[in-house]
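Colleague: Could you take me through this structure feature by feature, giving the general idea and then the case at hand?

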Amino acid sequence: MSDTPDISVVVPVFDEEGAAPALAREIAAAFAGRNFEIVFVDDKSRDGTRAALTALKGEIPQLRVLSHRANAGQSRAIRTGVLAARAPVVVTLDGDGQNDPADGPALVDALNAGGPGLALVGGERVKRQDSQAKKLASRFGNGVRKRLLHDTANDTGCGLKAFRREAFLRLPYFDHIHRYLPALMLREGYEVSFRPVNHRHRQTGQSKYTNLGRLWASLSDLMGVMWLQSRARNPGGAEEL
């Protein structure tokens, strides 16, 4: 592994002792032959997630494990991982194992083939392996968000994304930002695109969110992102004279 990898795979985890070790091995297998690192960010888990991941560092030399001192949520864990990432391209996956790491390299290749203006390639889950209630709530939420933000995304809830680290760090940070990356990238003048990806059943643990909890958070987040869009002024680039 080089000190300056080409790809940093960032995975936020909270109470995922059952899923995290297998996921780390899958990521290592998916990106084998590439210059990569894996950055797991433990968001103050209450189980043995941190210990299980730390025990894998001898087996997977590309693995790094960061640990929050206090629980701060998924968006903060992603940001912590991106700040620590050493590569110019970042891939994110959810820590529950439902995203398929095998789809990650294709997103990276699409990002690299798209030119410097393309800042994000997001996954769109096909054949979602969730409850009917969760799928209906997600479909409704995605439809409302897409109509109001015009972000061209059908599934911003998919944790599997590839993006340019520099572009991500230019975005205004707030809690739940990970669900609004396409809209915020477009606001900064970048291009975004999407590719279908696999979705799997959760094998261990349980979801950390409820439909009602997502709804209340989404309402205020939507209003905030709409306000950010209304206040955007894009210079179209800058030239040094």
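This is a predicted model: local features need pLDDT of at least 70, side-chain atom pairs count only at pLDDT 80 or more; totals for chains, interfaces and linings use all residues.

Colleague: Where do the buried residues of α1 fall when the helix is seen down its axis?

Modeller: In helix α1, residues 20-30, the buried residues are Ala20, Pro21, Leu23, Ala24, Ile27 and Ala28. They fall within an arc of 160°, so they line one face of the helix; the arc is that of the directions from the helix axis to the C-beta atoms. Their cover includes β1 (7-13), β2 (36-42) and α2 (49-54).

Colleague: Which residues touch the most other members of the largest nonpolar core?

Modeller: In soluble globular proteins, nonpolar side chains tend to be buried together. A nonpolar core is a set of buried Ala, Val, Leu, Ile, Met, Phe, Trp, Tyr and Cys residues joined through side-chain atoms within 4.5 Å. Here the largest such core has 29 residues, and Val9, Val11, Ile27, Phe31, Ile38, Phe40 and Val91 touch the most other members. At least two residues of this core come from each of β1, α1, β2, β4 (89-92), α4 (104-113) and β5 (118-125), and the largest share, 5 residues, is from α1. A second, separate core of 28 residues includes Val39, Val41, Ile78 and Ala183.

Colleague: With which residues is Val11 in contact, leaving aside neighbours within four places in sequence?

Modeller: Contact means heavy atoms within 4.5 Å. On that basis, the partners of Val11 beyond those neighbours include Leu23, Ile27, Val39, Phe40 and Val41, as well as Leu93, Asp94 and Gly95.

Colleague: How should I read Thr152, and is this residue buried or partly exposed?

Modeller: Thr152 lies in the loop between α5 (132-149) and β6 (161-164), and with a relative accessible area of 45% this residue is partly exposed. Leaving aside neighbours within four places in sequence, Thr152 is in contact with Lys146, Val192 and Phe194. Thr152 and Ala183 are 31 residues apart in sequence, yet 8.2 Å apart in space, C-alpha to C-alpha.

Colleague: What phi do Lys44 and His176 have?

Modeller: Most residues other than glycine have a negative phi, and most peptide bonds are trans. Lys44, in the loop between β2 and α2, has a positive phi of about 55° although it is not a glycine, and its relative accessible area of 43% makes Lys44 partly exposed. His176 is found in the loop between α6 (165-169) and α7 (181-187); it too is not a glycine, and its phi is positive, about 75°. At 23% relative accessibility, His176 counts as partly exposed.

Conventions: Residues are numbered from 1 along each chain as its sequence is written. Side-chain values use heavy atoms; hydrogens and water are left out. Helices (H or I, at least four residues) and strands (E, at least two) are DSSP runs, numbered from the N terminus. Buried means under 20% relative accessible area, exposed over 50%, partly exposed in between (1.4 Å probe, protein chains only).
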